[in-house]
Amino acid sequence: MAKVYLQGFLDVPEDKLQQVRSALPRHIELTRAEPGCISFEVVEDTVQPGRFNVSEVFENQEAFDAHQSRTKASDWFTVTQGVPRDYTVKVEEGE
């Protein structure tokens with residue numbers, strides 16, 4: 001089965017930082033509860049202000065796609081609308 005890996009970051013402007021920080025715990029909670037989510041981490045960078053490092057692993061493309069769909073209908077999507085993102089998505093065959 002092919003796992004889906006996402007790595008990257010969001011660069012949150014100063015005027016949206018508090019909103020993003022407030023919305024993040026619920027976004028993490030909902031994502032980790034999704035079927036097929038193996039790991040999901042979003043951590044504020046300690047060196048670069050406003051940067052949030054993202055690491056996701058989903059058990060397959062279907063689970064990843066379901067996550068993307070759910071996210072687009074969430075408060076997280078609204079809060080982070082227009083926030084620059086730099087992500088790399090890889091699909092790798094597993095056992």
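Is threonine 71 buried or exposed? With a relative accessible area of 12%, threonine 71 is buried, because the limit for that class is under 20%. The model in which this value was computed is a predicted one. Threonine 71 has its place in helix H2, and, once residues up to four places away in sequence are set aside, threonine 71 touches His27, Trp76 and Phe77.

The setting of this residue is a chain that holds 3 helices and 4 strands, and these elements follow one another from the N terminus in the order β-α-β-β-α-α-β. The radius of gyration of the chain is 13 Å, close to the 12 Å that the globule rule gives for 95 residues, so the chain is as compact as a globular protein of that length. Taken along the principal axes, the box filled by the C-alpha atoms is roughly 45 × 25 × 20 Å. Of the 95 residues, 38% count as buried, and the accessible surface of the chain comes to about 5,800 Å², with 52% of that area belonging to carbon and sulfur atoms. When contacts between residues at least 6 apart in sequence are considered, 72% of them join residues at least 24 apart. As for charge, the chain carries 10 positive and 17 negative side chains, and the centres of these two sets lie 3 Å apart.

Leaving aside neighbours within four places in sequence, valine 12 is in contact with Leu17, Val20, Gly50, Phe52 and Val83. Valine 89, by contrast, is 77 residues away from valine 12 along the chain, and the C-alpha atoms of the two are separated by 20 Å.

The loop between helix H1 (17-32) and strand E2 (37-44) contains alanine 33. Alanine 33 counts as exposed because its relative accessibility is 62%, and the limit for exposed is over 50%. From alanine 33 to histidine 67 there are 34 residues along the chain, while the separation of their C-alpha atoms is 10 Å.

Asparagine 60 belongs to the loop between strand E3 (51-58) and helix H2 (61-72), and at 17% relative accessibility asparagine 60 counts as buried. A polar atom of the side chain of asparagine 60 lies 2.7 Å from the backbone nitrogen of alanine 63, which is within the 3.5 Å used for a polar contact. With neighbours within four places in sequence left out, asparagine 60 is in contact with Met1, Ala2 and Val4.

The last stop is helix H3, which spans residues 75-79 and includes aspartate 75. Aspartate 75 is exposed, because its relative accessible area is 63% and exposed means over 50%. Between aspartate 75 and arginine 26 there are 49 residues of separation in sequence, yet from C-alpha to C-alpha the two are 9.2 Å apart in space.

How values were computed: Residues are numbered from 1 along each chain as its sequence is written. This is a predicted model: local features need pLDDT of at least 70, side-chain atom pairs count only at pLDDT 80 or more; totals for chains, interfaces and linings use all residues. Side-chain values use heavy atoms; hydrogens and water are left out. Helices (H or I, at least four residues) and strands (E, at least two) are DSSP runs, numbered from the N terminus. Buried means under 20% relative accessible area, exposed over 50%, partly exposed in between (1.4 Å probe, protein chains only). A polar contact is a pair of N or O atoms within 3.5 Å; within protein, one must be able to donate a hydrogen and the other to accept it, and residues adjacent in sequence count only if both atoms are side-chain atoms. Contact means heavy atoms within 4.5 Å. The radius of gyration is taken over C-alpha atoms; the globule rule is 2.2 Å times the number of residues to the power 0.38. Accessible areas come from the Shrake-Rupley method with a 1.4 Å probe; for residues, only the protein chains shown count as cover. Lys and Arg count as positive and Asp and Glu as negative; His and the chain ends are not counted. The place of a charge is taken as NZ of Lys, CZ of Arg, CG of Asp or CD of Glu.
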